[in-house]
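Please look over the structure shown here.

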Amino acid sequence: MKRKIMVLLICLSVSGMCGCSRQNQTENEDDAQKWVVNSENSEAVEHIPAESSGDSSEKDEVKVISFEPDSPVNYRGKELQLSYSEESVKVRYGDAEYEIEDYADGIETGYIMEMDDTGFYTIIQVCSANDWVTSYILKYDGNRFTEIAAQNGGVGDKSSISGNQITFDTRVDVFGTYGVKIPMRLENDQLTNVDDFIKFVNEPDPEIYDSFDSPESKAIYNKEGYRVLTLKRTLMAMSDDGNIEIGKGQQIIPDGYNEKEKKFYFRYQDKQYYFTYEEDQDGYTFTIDGVNQEDMFVYLPYAG
């Protein structure tokens, strides 16, 4: 997490938060939604085509079974059982057992993805520090478990799994903290991104702008209720139609980013643009044309 921490954002209710604190999350839902939007923006971002990961017949054949961690599930004549302590989570299926070493405050709904008559994948969602969830994907080959991947974020429900594609609700840190939904492929025991472009969840809340008085709040939301970044100096940006110079004091609406190409996409005056950025080796410092991120924007709403 970035070292800048925004007041109140520390209580993020972004997609991917663990349900083991669901009661507190529900009680604070209205306030938390004001700080990180948690529903997907339906407005156009022309950039993103999410590729299909296999034909429809493959997707139709895959069976997904959900199970609750508080009681064993009988699957193919054997019990699949989870138990946890503060130090780890144990998964047992018949005579096979596997231990996930992680701080565990609870376990969320699990999922079984059938492979064949003997093997399957299982997704174990571990609630850990700060009510966050990490999804562990284990493979059972008929004899033993192997850990395939550990992914920050959680799986919303069975509809988030289609064929070999799994969509995780999580968050990213790039010029602020943003909620995201990341579709990933599970192929050859590897978990990889479907697309290099990661779209931010940024839906307007018309009432939010008038609900805050601090300069920081005014710098990260516009009057329509979109999450924005306010420029401290002139920004040079690009689009398919050419370059644009956006002046000091203007606000841009973040859309998403491409980590591989180091491109940050945003909307300005109803059109999509992007700028490129550099990331220091520490992973904490971003620069744009040599300008530090803190010198480019009035306020960067990182959560920690």
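The questions and answers below concern a predicted model.

Q: Which residues touch the most other members of the largest nonpolar core?
A: The largest nonpolar core has 44 residues. Strand β13, residues 177–187, gives the most to this core, with five residues. The residues that touch the most other members are F175, F264, F266, F275 and F297.

Q: Which residues is F175 in contact with, leaving aside its neighbours within four places in sequence?
A: F175 is one of the residues that touch the most other members of the largest nonpolar core. Contact here means heavy atoms within 4.5 Å. With neighbours within four places in sequence left aside, the contacts of F175 are L229, F264, F275, Y277, F286, I288, Q293, F297, L300 and Y302.

Q: Why is strand β8 largely enclosed by the rest of the structure?
A: Buried means under 20% relative accessible area. In β8, F120, T122, I124 and V126 point one way, while Y121, I123, Q125 and C127 point the other way, and all are buried. Strand β8 (residues 120–127) is therefore largely enclosed by the rest of the structure, as the number of its eight residues that are buried is eight.

Q: How many residues lie between β7 and β8 in their hairpin?
A: β7 and β8 run antiparallel. They form a hairpin, and the number of residues between them is five.

Q: Which strand gives the most to the lining of the second largest pocket?
A: The second largest pocket has a volume of about 540 Å³. Of its 22 lining residues, R171, V172, D173, Y257 and E259 are the closest to its centre. β10 (145–152), β12 (165–173) and β19 (251–258) each supply at least two lining residues. With four residues, the strand that gives the most is β12.

Q: How many residues of the lining of the second largest pocket are charged?
A: The lining of the second largest pocket includes nine nonpolar and six polar residues. The number of charged residues in this lining is seven.

Notes: Residues are numbered from 1 along each chain as its sequence is written. This is a predicted model: local features need pLDDT of at least 70, side-chain atom pairs count only at pLDDT 80 or more; totals for chains, interfaces and linings use all residues. Side-chain values use heavy atoms; hydrogens and water are left out. A nonpolar core is a set of buried Ala, Val, Leu, Ile, Met, Phe, Trp, Tyr and Cys residues joined through side-chain atoms within 4.5 Å. Buried means under 20% relative accessible area, exposed over 50%, partly exposed in between (1.4 Å probe, protein chains only). Two strands pair if DSSP finds at least two bridges between them. On a 1 Å grid over the protein atoms alone, a cavity is a set of points where a 1.4 Å probe fits but cannot get out, and a pocket is an open set with protein on both sides within 12 Å along at least five of seven lines; lining residues have an atom within 4 Å of a point. Grid points are joined across faces, edges and corners, and a volume is the space filled by probe spheres set on the points. Ala, Val, Leu, Ile, Met, Phe, Trp, Tyr, Cys and Pro count as nonpolar, Asp, Glu, Lys and Arg as charged, and the others, Gly among them, as polar.
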